[in-house]
Amino acid sequence: MITVLEPGLLSTIQDLGRFGYLDIGVPICGVMDSNSAGLANILLGNEKENAVLEMTMKGPKLLFNVSTQIVITGADISPHLNDVSIDNDKIHDVKKDDILGFGKLKTGLRAYLAVKDGFKTDMVFGSRSFYQPVTGLNQISKNLKLAINKPILSVNNTVQLAKLKSVDFSKQFLDVYRGPEYSQLSKSQSNKIMETPFLVSKLYNRMAYQLLPIIENHLDSIITSPVLPGTVQLTPSGRLIVLMRDCQTTGGYPRVLQLSESAINLLSQKKERDIVKFKLVEM
Amino acid sequence: MKYYLKYKRYNEYSILIEWPAVIDEDILTNIINFKNNIENSYIESLVEVNSAYNSILVIYDCPIEDVNGKINELKRIYTYLSDANLSSTYLWEIPVCYNEEFAIDLDHLSERLKLSKSEIITRHSQQIYTIYFLGFLPGFLYLGGLDKLLQCDRKSTPELNIKKGAVGIGGNQTGVYPQNSPGGWHIIGNSPIQFFDAKRYNPCFAKAGDKIKFVPIEKQKYNEIINAIALKTYSLKRKLLK
């Protein structure tokens, strides 16, 4: 068990998501930055499906009730174990009664805590990813107990030496493909979208990132159609909305671009006023 | 009936299939049939299939390497589409309380549509609606068949907190909010029914292709149904269509 002493700003259990329920309107969910979360699991020798704790901007304070091993990846939120600073992307042995805390956000936005064998919180519809209508929880809260396994033996993990690298979160280019309605854009609109540095507006969360500035737009809505994380919608008012992991399953705005998986991961590490630029790539 | 379909790669691991851009029951039947046939075929690394009014998204669990191969595989299934997998469809009777307490926008809507409140309720509850697909929120049904006289633009600014069960009208659509949510539709009633329950084996009773009818109930009946649902003694009325 891990006991939550302080929940942080938005800390949720996530795995690779919930598949097979889009047709009853249940979003996929899952880790926002699958690259960083995957790195944490690989370093620990976990399965890639193992659930991790996704922590946003301000980390939680956690009490370990059992000994285990942990790795923290993604954003650097100045993690410390019993008040001693520890590094991201390294395996740390944690003893019973140790306390993991966080400090100032230095890079990125979302950090990942992986524990040996993964978090064992409730699995609903094949996934542990928090999504309120399905799991009943939006985020962890004070005094919540998070189930983890006590590792049978501590393994010296040599994968640690592998050339796995975390991504530079200050990069601005997001690789995008043409979306189904891309061809409906005028030449000047598509030029504008490709040339403009966009700012992340204050409206950004696990469902979607809204970008600024708005661009001129005369495109009508479309007949409601499927969407996926990474779909970039253009609203009638000219706003670009990038759908993220908790997005709804269908939408009625033209889908002008589609982010690659690596672009979704990078955008997940952006926050208000960060700059992004789109770069069109072929599939 | 066969349609000319467009196949497009959507992202690394999915393919979009599009029908003509119209809302039509024959297209719906064709989409459901194709979706069932895809789901019942052996397709390597297929994860799931999501459908909407005029398209299907086929999702795989790893990046697609040979996109033409995958598209041809889907085209073959469409060429030999079988009706054998068409599942039974039902007409569901959804109780709705149109009392003032719930119908917070009915007065306003009555002025706007120039119809009496009782006429709005009658027209809303006499139609049989077709479920085209589920989306937006878990258990939210996209319904076709709203009476033309009830069509009305959405509110210009969405309300922040629409109550679970609220029955609304917006544009040419009507529907029930399966949980508390923001929304821009005009609210004319509330249904006590649970449209989505993660604790049930089948979390949502309805599926694309089914039909529904709204049945007006009084507040007392509404409360009885709420209690019966809590005691797990309530079952929704349904009729087998085919």
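Visitor: Which side chain of chain A meets the side chain of B:Glu18 in a salt bridge?

Guide: Please bear in mind that this is a predicted model. The partner of B:Glu18 is A:Arg255, and the N to O distance in this salt bridge is 3.7 Å. A pair counts as a salt bridge when the nitrogen lies within 4 Å of the carboxyl oxygen, so this pair qualifies.

Visitor: How many salt bridges are there between chain B and chain A?

Guide: The count between the two chains is two. The search of the whole structure, over all chains, finds 22.

Visitor: How is the size of an interface expressed?

Guide: It is often given as the accessible area lost when the parts come together. Here chain B and chain A bury about 2,900 Å² between them, and 60% of that area is on carbon and sulfur atoms. Three residues, B:Tyr10, B:Glu48 and B:Asn50, supply 22% of the area that chain B buries against chain A, more than any other three residues.

Visitor: How many residues does each chain bring to the contact?

Guide: Chain B gives 37 residues and chain A gives 33 residues. Between the chains, 10 residue pairs are in polar contact, with both residues at pLDDT 80 or more. On chain B, the elements that each supply at least two residues of the touching side are β1 (6–11), β2 (14–18), α1 (25–39), β3 (46–51), β4 (55–60) and β6 (129–134). Sorted by class, that side of chain B has 22 nonpolar, eight polar and seven charged residues.

Visitor: How does one look for empty space in a model?

Guide: Rolling a probe the size of a water molecule over the atoms shows where empty space is left. In this structure there is one cavity of 30 Å³ or more, and the largest cavity holds about 40 Å³ of space. Among the residues lining the largest cavity are A:Leu22, A:Val227, A:Arg245 and A:Cys247. Its lining has six nonpolar, two polar and one charged residues.

Visitor: What lies closest to the centre of the second largest pocket?

Guide: That pocket contains about 880 Å³ of space. Of its 38 lining residues, the closest to the centre are A:Leu16, A:Phe19, A:Lys48, A:Glu261 and B:Asp61. Both chains contribute elements: α1 and α4 (261–267) of chain A and β4 of chain B each supply at least two lining residues. The largest share, six residues, comes from α1(A). By class, the lining divides into 18 nonpolar, 11 polar and nine charged residues.

Terms used: Residues are numbered from 1 along each chain as its sequence is written. Chains are lettered from A and ligands numbered from 1 in the order in which they are written. This is a predicted model: local features need pLDDT of at least 70, side-chain atom pairs count only at pLDDT 80 or more; totals for chains, interfaces and linings use all residues. Side-chain values use heavy atoms; hydrogens and water are left out. Contact means heavy atoms within 4.5 Å. Buried area is the accessible area (1.4 Å probe) that two parts lose on being put together, summed over both. A polar contact is a pair of N or O atoms within 3.5 Å; within protein, one must be able to donate a hydrogen and the other to accept it, and residues adjacent in sequence count only if both atoms are side-chain atoms. Helices (H or I, at least four residues) and strands (E, at least two) are DSSP runs, numbered from the N terminus. Ala, Val, Leu, Ile, Met, Phe, Trp, Tyr, Cys and Pro count as nonpolar, Asp, Glu, Lys and Arg as charged, and the others, Gly among them, as polar. On a 1 Å grid over the protein atoms alone, a cavity is a set of points where a 1.4 Å probe fits but cannot get out, and a pocket is an open set with protein on both sides within 12 Å along at least five of seven lines; lining residues have an atom within 4 Å of a point. Grid points are joined across faces, edges and corners, and a volume is the space filled by probe spheres set on the points.
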